[in-house]
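Trainee: Could you show me how to read the features of a protein model, one step at a time?

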Amino acid sequence: MKINKKIYKIPELNYNTICILEEMGVSLTDMDKRIFSAVRGFVALSMDGNFEKAGEEIEEHLKNGGSLDETLEEINKAVEESGFFQALNNIHKQKG
């Protein structure tokens with residue numbers, strides 16, 4: 001993710017990182033209802049869990065004319081490409 005001309009890498013989304021996000025208050029099933037919290041959570045995850053810094057970086061990014069569109073696209077891509085979610089999706093397909 002590029003925020004304020006800095007690159008932040010979303011860690012591989014595996015079971016443990018999903019649990020870390022949930023412990024941070026970010027539920028992937030509610031991302032569409034709490035977009036700002038979800039973005040801040042993913043940015044914080046990329047910053048070793050620092051919510052305060054993540055919020056400040058995002059706010060500065062927006063004040064400087066940035067948008068959250070690219071960040072949201074990268075978050076969605078990370079979720080879609082996650083081996084963990086691909087495995088869950090396969091389980092649901094097999095049961096369906």
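Predicted model: local features only at pLDDT ≥ 70, side-chain atom pairs only at ≥ 80, totals over all residues.

Mentor: Residues are numbered from 1 along each chain as its sequence is written, and side-chain values use heavy atoms, with hydrogens and water left out.

Trainee: Which elements does the protein have, and in what order do they run?

Mentor: Helices (H or I, at least four residues) and strands (E, at least two) are DSSP runs, numbered from the N terminus. The protein has 5 helices and 2 strands, and from the N terminus on they run β-β-α-α-α-α-α. Its radius of gyration, taken over C-alpha atoms, is 14 Å, close to the 12 Å of the globule rule (2.2 Å times the number of residues to the power 0.38) for 96 residues, so the protein is as compact as a globular protein of that length.

Trainee: Is Glu57 buried or exposed?

Mentor: Buried means under 20% relative accessible area, exposed over 50%, and partly exposed in between, with a 1.4 Å probe and protein chains only. Glu57, which lies in helix α3 (residues 51-63), counts as buried because its relative accessibility is 12%. Across the protein, buried residues make up 33% of the 96 residues.

Trainee: Which residues is Glu57 in contact with, leaving aside its neighbours within four places in sequence?

Mentor: Contact means heavy atoms within 4.5 Å, and, with those neighbours left aside, Glu57 is in contact with Ile3, Asn4, Lys6, Tyr8 and Met47.
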